[in-house]
Amino acid sequence: MKNTESSEIQLSKLRVAIVHYWFIGRGGGERVVEALAEVFPQADLYSLVADRSTLAPILQNRKLETSFLQRVPGAKRFHRHFLFLHPIALEQFDLSGYDLVISSESGPAKGVITSPKTCHICYCHTPMRYIWDMYPEYRRGMGWLVGSIFALAAHYVRLWDYASAGRVDYFVANSRFIASRIRKYYGRESTVIHPPVEAAAAKLSEKRDDYYLAIGRMVGYKRFDLAVTACTKLGRRLKVIGHGPEEKELRRIAGPTVEFLGQVSDDELRASLANCRALLFPGEEDFGIVPVEAQSFGKPVIAYASGGVLETVRGIYPGDVGVENPTGIFFTEQSPSGLMKALLEFESAEHEFSPQLIREHSLQFDIAIFKRTISEFVCSALADFKARNGTTAFRN
């Protein structure tokens, strides 16, 4: 206990900056920043662009410095189109007065320049998908002119992104899946600390309605089309929460059993999770907060067997037996027929899933565990940094 209190006192005296790629909405990356802000109530915020109206209450009154892109007309809406300017924008931030810089990386954030006396920890949600593993997919979706411009910008940013990884003192990955990407693209090892989920706050519901649920931004890689097609063909009720560029096409292929709810309030989201039969998760995610949230309400997850979900769901593969206390069903063929087979497998074994055991499984990802683990990691990293660099710059 004394060691814990000593660590908290040490952390509270640090001069801390949190660098996040952009504050435009409130997704998993922003929730990590909010949890970091609880650990470091003294931290200042830096971001390429920001819409203050989207900030959670804990961030509203923080010092928030944005880059020169904030003053470019349309940058908040089209920030990704300014990819070639992201490196120079990040490098203009003056972080020389801080003991600790934590960059939150998915879009570019880790490329900031820090003092030799500053410890830089990167919490990596993923190396930028659109210039690394998903580059061919993004490129295929563009016309010749736009694609050519994007190819030039991506080549330049890819070189910078690899080089800027060398500016980071310690990497934290949000899953083992992302740790492998960090190793491949940056040649760096990382420590896995799963992102925070408010699992303990969820409650089991005695009510169970006859519908499946899909939640998230409607973009191609999340494969909402599989959920919509599978439920349409099987005549199963499906509620879809979220918006995105794929929504028009999804509505076109949806049958009468599929309902699009758009954006909903937090209370409506919790009620939808608490009362559904199961969550459908047909895409490959870096970690996947939504499956953990569903499990916190005692709900099984029917998921494509790839990515972070393999670390968060104790899944049964169709035809398997003997999985103890399962929390979901996996399918390996990322197609409507693959998901349909998994849905039918789930329905034949639905009685075997224990809501209480599923909820208990989710608690290992609770926000309280994240805050404790990240605090311990930062203290360890700071001690190592001081020993390696012989610095006494930190205020104790």
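This is a predicted model: local features need pLDDT of at least 70, side-chain atom pairs count only at pLDDT 80 or more; totals for chains, interfaces and linings use all residues.
Residues are numbered from 1 along each chain as its sequence is written; local features need pLDDT of at least 70, side-chain atom pairs count only at pLDDT 80 or more, and totals for chains, interfaces and linings use all residues. Side-chain values use heavy atoms, with hydrogens and water left out.

The helix pairs come first. Helix H8 covers residues 224–234 and helix H13 residues 336–349; their axes come within 9 Å and cross at roughly 60°. Helices are DSSP runs (H or I) of at least four residues, strands (E) of at least two, both numbered from the N terminus. Axes are lines fitted to C-alpha atoms, for helices over the stretch in contact, and angles run from 0 to 180 degrees between N-to-C directions. H8 is therefore oblique to H13, since angles under 35 degrees count as roughly parallel, over 145 as roughly antiparallel, 65 to 115 as roughly perpendicular and the rest as oblique. Ala, Val, Leu, Ile, Met, Phe, Trp, Tyr, Cys and Pro count as nonpolar, Asp, Glu, Lys and Arg as charged, and the others, Gly among them, as polar.

For H11 (residues 289–296) and H14 (residues 355–362), the axes come within 7 Å and cross at roughly 135°, so these helices are also oblique to each other. Their crossing is left-handed. Val292, Gln295 and Ser296 of H11 meet Ile358, Arg359, His361 and Ser362 of H14, a set of two nonpolar, four polar and one charged residues.

The loops hold the remaining residues. Arginine 223 lies between strand E8 (212–215) and H8; its phi is near 55°, a positive value in a residue other than glycine. Arginine 223 is partly exposed because its relative accessibility is 23% (buried is under 20% relative accessible area, exposed over 50%, partly exposed in between, with a 1.4 Å probe and protein chains only). Aspartate 94, in the loop between helix H4 (86–91) and strand E4 (100–105), is exposed at 53%. The side chains of aspartate 94 and serine 96 form a polar contact of 2.7 Å (N or O atoms within 3.5 Å; within protein, one must be able to donate a hydrogen and the other to accept it, and residues adjacent in sequence count only if both atoms are side-chain atoms).

Note on methods. A crossing is left-handed if the near helix is turned anticlockwise from the far one by less than a right angle, and right-handed if clockwise. Contact means heavy atoms within 4.5 Å.
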